[in-house]
Amino acid sequence: MAAAPSGAPRLPRRVLVLGSSVSTGEGATEQGRGWAALLQAELRKAPWGFEHWSRGKGGTHVEYWQDEGALLAERVADFAVVILSLSLGNEGLARQESAADIERVARRYADGLRRIARRLRQAMHPQARLVLGGPYPHGDYKAGHLRAIQEVRQELLTWPEVDHVIDFLKPCVHDGRGHWHRGAWRDPGHPNDAGHRQMFQCVELHGLLGPFSEGGDGILEPLLGSGEARGGATLDKAAGGWGPSTDPRRPRGAPKVDAHAVP
């Protein structure tokens, strides 16, 4: 990744997470224990110093996120990394029994996700990174569903507009049969605290950040003296997301300061 031209604005050290309920921490005992919140805590530390914004919405699927009013509610060009994580469970995959129906749902998901990825790439800063969260377990998946989510995972890896795919089918979170590990789920579609920790273990920070993990000199805004992001994260119930509490240059649609800070 080449450095930005001399005098060009540098990318803010911001990460945006879009997705369905698991990306917001659903299933954990509190939102701050979700996998994306754990990622937030890690990315705020030196040497990363990234702010983290979450705009997930529970129950959503690829059709919802193909609406530009939802997808581009934030000005995605103001983020160095955009992560999109959607569930095949929300597409109704677990309810399908025949091979044909499983394939139909998986194809609809992959095609919709590809359209979303392409639109995000068009709207993002050309040097920003687009990251997809891959398919993850579900308590009701059977052998046919497992084959489908594995095939979708492999397909995501071939998309040129995507810089990195988080593999949520690693053994640390997946029992090898399409399910969460025993004791790691609240209900079939949602991990509990342990399951969210296991999902976070799947995140490879150097893969997610790419060249930014080496400092992003000439591309990213320089770190503050502390080496940490400017503000902590807050929960905005109306917006259904998280955002930094102290940034006077909030992107469009970002929440105002909320007195109730997330742990």
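Modeller: Let's begin with helix H4, whose buried residues pack against strand S1 (14–19), helix H2 (62–65), helix H3 (68–71), strand S3 (81–85), strand S4 (129–133) and helix H5 (143–156). Packing here rests on contact, which means heavy atoms within 4.5 Å. Helices (H or I, at least four residues) and strands (E, at least two) are DSSP runs, numbered from the N terminus.

Before going on, a word about what you are looking at. This is a predicted model, in which local features need pLDDT of at least 70 and side-chain atom pairs count only at pLDDT 80 or more, while totals for chains, interfaces and linings use all residues. Residues are numbered from 1 along each chain as its sequence is written, and side-chain values use heavy atoms, with hydrogens and water left out.

Now back to the helix. H4 covers residues 99–123, which is 25 residues. From its first C-alpha to its last it reaches 36 Å, close to the 36 Å expected at 1.5 Å a residue. That expected span is 1.5 Å times one less than the number of residues.

Which residues of H4 are buried? They are Ile-102, Val-105, Ala-106, Tyr-109, Ala-110, Gly-112, Leu-113, Arg-114, Ile-116, Ala-117 and Leu-120. Buried means under 20% relative accessible area, exposed means over 50%, and partly exposed is in between (1.4 Å probe, protein chains only). As you follow that list along the helix, keep one rule in mind: an α-helix has 3.6 residues a turn, so residues three or four places apart point the same way.

H4 also has charged residues to look at. Arg-104 forms a salt bridge with Asp-101, with the closest N and O atoms 3.7 Å apart. A salt bridge is a side-chain nitrogen of Lys or Arg within 4 Å of a carboxyl oxygen of Asp or Glu. Both Arg-104 and Asp-101 lie in H4, 3 residues apart, or about one turn of the helix. Arg-104 counts as partly exposed at 42% relative accessibility, and Asp-101 counts as partly exposed at 30%.

Arg-107 is partly exposed at 31%, and Glu-155 is partly exposed with a relative accessible area of 25%. The count for the structure comes to 18 salt bridges.

Let's step back to the chain around H4. It has 7 helices and 9 strands, and buried residues make up 54% of its 263 residues. Among contacts with a separation of 6 or more, 78% are between residues 24 or more positions apart. The chain exposes about 11600 Å², and carbon and sulfur atoms supply 50% of that.

His-181 is partly exposed, at 24%. Its side chain has a polar atom 2.6 Å from the backbone oxygen of Pro-171, and it reaches the backbone oxygen of His-174 at 3.4 Å.

Leaving out residues up to four places away in sequence, His-181 touches several residues, including Cys-172. A disulfide is a pair of cysteine sulfur atoms within 2.5 Å, and the structure holds 0 of them. Cys-172 is partly exposed at 26%, whereas Cys-202 is buried at 2%.

Finally, visit His-190 in strand S7 (residues 190–191). His-190 is buried, with a relative accessible area of 17%. Its side chain makes polar contacts with the side chain of Ser-21 at 2.8 Å and with the side chain of Asp-187, also at 2.8 Å. A polar contact is a pair of N or O atoms within 3.5 Å; within protein, one must be able to donate a hydrogen and the other to accept it, and residues adjacent in sequence count only if both atoms are side-chain atoms.

How values were computed: Accessible areas come from the Shrake-Rupley method with a 1.4 Å probe; for residues, only the protein chains shown count as cover.
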